[in-house]
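Colleague: I'm new to this one. Could you take a close look at one part for me, the aromatic rings, and walk me through how they pair up?

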Amino acid sequence: MDGLFHIIGSDGWADRADVIQGLEETATGGVSIKIHSSEVSNFDKKYFKLQPKNSISNPWLEEFWQWRFNCSLKSNNTAERVCSGKERLQSGYTEDYKLGFVVKAIYTLAHSLHNMQVDLCGNSTAGFCNKMKPFDGKLYKEYLKNIKFNYKNELVLFDANGDPPGHYDIMNFQQVGNNSMEYVAVGTWNNGTLNLHRKGEKISTKNNLILNSMH
């Protein structure tokens with residue numbers, strides 16, 4: 001193929017290293033989109049404190065621990081390695097960017113349930129009242145469809161099709177320094193509005209051409 005061409009990737013590519021493994025030179029200058037998700041700042045602190053010995057409220061932690069560290073929490077006569085108790089969740093850890101979606105989904109369910117409870121039971125009643133029994137799933141769905149609240153400066157709501165507003169980070173795979181290449185966020189697309197960074201970041205293309213970012 002002759003001439004200059006640019007690679008544009010979907011959110012399936014995002015900023016994943018495995019997608020371009022062994023093809024870094026070819027991918028240099030490529031532009032991809034990554035679904036925007038707010039960082040859950042207090043998650044790591046709580047996650048790193050987890051230990052099987054204090055997992056009474058979490059029945060799945062022991063199973064996860066054994067899978068994560070490839071060991072057994074129970075001493076037995078099999079060849080399986082026994083967990084030492086010194087394993088650390090910080091080892092090789094990177095917060096999944098989709099974690100923010102999980103938190104947002106939980107808040108969405110909770111806000112919708114709260115609004116439904118207030119409308120049916122009144123402000124003076126705590127918890128389920130008789131008007132909520134039996135639970136009406138179809139009615140609850142209507143409250144979900146009409147929810148609107150702010151989460152970390154982001155408006156959470158759904159359109160007529162039940163879809164949330166599209167919010168993406170625009171990533172550019174660049175050469176950084178002499179021997180390093182990485183994804184750099186060069187802009188955002190938020191509910192129909194494109195915003196490319198004016199300062200600091202530039203969009204790099206193939207053959208070391210630089211495109212100045214602009215609105």
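**Aromatic pairs up close**

Modeller: Let's start with Y93, which is partly exposed, with a relative accessible area of 23%. Here buried means under 20%, exposed over 50%, and partly exposed in between, using a 1.4 Å probe and protein chains only. Keep in mind that this is a predicted model: local features need pLDDT of at least 70, side-chain atom pairs count only at pLDDT 80 or more, and totals for chains, interfaces and linings use all residues. Residues are numbered from 1 along each chain as its sequence is written, and side-chain values use heavy atoms, leaving out hydrogens and water.

Y93 belongs to a cluster with F43, Y47 and F48, joined by ring pairs. Phe, Tyr and Trp rings (for Trp, the six-membered one) pair if their centres lie within 6.5 Å; planes under 30 degrees apart are stacked, over 60 edge-to-face, the rest tilted. There are 11 aromatic pairs in the structure. Take Y47 and Y93: the ring centres sit 5.3 Å apart with planes at 35°, so this pair is tilted. It bridges distant parts of the chain, 46 residues apart: Y47 is in helix α2 (residues 43-48), Y93 in the loop between α3 (61-69) and α4 (99-121). Helices (H or I, at least four residues) and strands (E, at least two) are DSSP runs, numbered from the N terminus. Y47 is buried, at 14% relative accessible area.

Now for F173 and Y183, a tilted pair with 5.0 Å centre to centre and 55° between the planes. F173 is in strand β5 (residues 167-176) and Y183 in strand β6 (residues 180-190), so the pair ties together parts 10 residues apart in sequence. F173 is buried at 4% relative accessibility, and Y183 is buried too, at 17%.
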